[in-house]
4 protein chains.
Amino acid sequence: MNESKKILRAEREFSVRFSEVDSMGIVWHGSYPLYFEDAREEFGRIYHLEYMHMFEMGFYAPLVDLQFHFKKPLKYGDTGRIVITLQNTDAAKILFNYEIYNKETGELVATGSSTQVFLDTEYNLVWTMPEFFMEWKRMNGLEG
Amino acid sequence: MNESKKILRAEREFSVRFSEVDSMGIVWHGSYPLYFEDAREEFGRIYHLEYMHMFEMGFYAPLVDLQFHFKKPLKYGDTGRIVITLQNTDAAKILFNYEIYNKETGELVATGSSTQVFLDTEYNLVWTMPEFFMEWKRMNGLEG
Amino acid sequence: MNESKKILRAEREFSVRFSEVDSMGIVWHGSYPLYFEDAREEFGRIYHLEYMHMFEMGFYAPLVDLQFHFKKPLKYGDTGRIVITLQNTDAAKILFNYEIYNKETGELVATGSSTQVFLDTEYNLVWTMPEFFMEWKRMNGLEG
Amino acid sequence: MNESKKILRAEREFSVRFSEVDSMGIVWHGSYPLYFEDAREEFGRIYHLEYMHMFEMGFYAPLVDLQFHFKKPLKYGDTGRIVITLQNTDAAKILFNYEIYNKETGELVATGSSTQVFLDTEYNLVWTMPEFFMEWKRMNGLEG
């Protein structure tokens, strides 16, 4: 059995807010980083990888790369479903992929990815994987 | 003379707002799409490529791809300088590249890029370059 | 039986997002209008008073007055509970009151209120109560 | 000469961002707290009352009351002008009033006010006016 193939994923639904659509009535691109953030927090709750826990371990994990690709518009009144998947890596990074679907139609409407690195409490980049994160991976059946 | 080498660029300075920093005191990644947007609007004012003008021509140019790469933190109290450059293309798209500098230190702190496509007023994707945009390119010395 | 005493209320829980706290780790005041908005949308879903429905009836109900009063901080990791209550009025307005509680401690941490007026599709203020809203009130057991 | 009548005010212009307008094309109410914040930061720069300075003095000044009153819409493409005025008080509070004008028409389009209190670094409310703030008032010709 190859544990590293284990997929950690989470998902949540969300209603498009009135404040999130632009003057054409479709979700403004700047709202997608918030949807991605919500997905990361949901993932954190399910798999116990919360920011709070990292802080307590002495780490901060800022997002340093973000990619967003739009396929179809979401409109006010639509319900979205976001799926977040951890992409396992040997590097001292946290990689996530995101897929957003229109819940009613089932269509994939946007995708994205993000990379987080680890900083210590003096904002220095941590080049080797923090012990707490290796332990977290082991507990969740991931290699690396 | 190769007109297509002409570079259209704009820049603006901005102060980091208190509401833009996170609990570590550094600019939250979700603020960067706003900085990019401000840069696009500055570009639009200088080169007359405003959203309003596009609307009047019957087009809407939503952002469909966004990339953001963080290099160093900006903190509350810092002044940033963002440089936006149009990347000319034959496709019916608007491509921008962004560079953000810490004004005091001169360091490059973040980069990014964005792609906009054209939709007509019924939200249909426009595959050929709109006439107004071809005319805009000619007036600004760009080929394609 | 005095129908006008009927109380229409809704509530929802929310997790404080990392992006909503400031550099002191507490929710930034600018996030509260978003919490209020979420509460209005929840109210709209429960009692069928959605913006979409108003649009179809030819009305737009922008928020023209907003008050926010802070009592105690919410922190990252806290769960809030917001209660929204319609304040019935004879005027052509929609008045809401808001109470936000810390779910764990039960403490009231913030209150607020908002007033919305009706505009027609040409942005003219509507001075008399729209027919659809009077009908909505009747269906929900409210006088006036 | 009654020094307490001295008026401290600042103002700044701003362009309405595309992301700040809603699907009706007018500025969404949730953007006004950001305009108010920008005005406070401008005031802080002019009169040396920055958050950073307060932090260094050991204080944090969260906004605990906010009022917003809308009069006329601002639209995408409009330029606003915000005027912020300190309302002097004997209490250990910072009170600001705001007026937003449409720059082109000169019309008053929105007003507001905010109250900030002082917390120490352990989040305890400070009931007496901090020494640094009394000194700041004296240097700026204000009584109380």
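Q: What should helix α1 of chain A span, at 1.5 Å a residue?
A: The 16 residues of helix α1 of chain A (residues 32-47) should span 22 Å at 1.5 Å a residue, and the C-alpha atoms at its ends are 22 Å apart, which agrees. The expected span is 1.5 Å times one less than the number of residues, and helices (H or I, at least four residues) and strands (E, at least two) are DSSP runs numbered from the N terminus.

Q: And how are residues and chains labelled, and what kind of model is it?
A: This is a predicted model, in which local features need pLDDT of at least 70 and side-chain atom pairs count only at pLDDT 80 or more, while totals for chains, interfaces and linings use all residues. Residues are numbered from 1 along each chain as its sequence is written, and chains are lettered from A and ligands numbered from 1 in the order in which they are written.

Q: Back to that helix, which residues in α1(A) are buried?
A: Y32(A), P33(A), Y35(A), F36(A), A39(A), R40(A), E41(A) and F43(A) are buried, where buried means 20 or more other C-beta atoms within 10 Å of the residue's own, exposed means 12 or fewer, and partly exposed is in between, with C-beta atoms placed from the backbone.

Q: What follows α1(A)?
A: H48(A) follows α1(A), and the phi of H48(A) is positive, near 60 degrees.

Q: New topic: where is P62(C)?
A: P62(C) is in the loop between α2 (51-56) and β2 (63-70) of chain C, and P62(C) counts as partly exposed because it has 18 C-beta neighbours inside 10 Å.

Q: What does P62(C) touch?
A: Leaving aside residues up to four places away in sequence, P62(C) touches Q116(C), V117(C), L119(C), H29(D) and F70(D); two residues are in contact if their C-beta atoms, placed from the backbone, lie within 7 Å.

Q: How many residues of chains C and D are in contact?
A: 18 residues of chain C are in contact with 18 residues of chain D. β2(C) gives the most to the side of chain C that touches chain D, with 8 residues.

Q: How does β2(C) run relative to β2 of chain D, parallel or antiparallel?
A: The two strands run antiparallel and are joined by 5 bridges, and D65(C) stands opposite H69(D) in β2(D).

Key
Two strands pair if DSSP finds at least two bridges between them.
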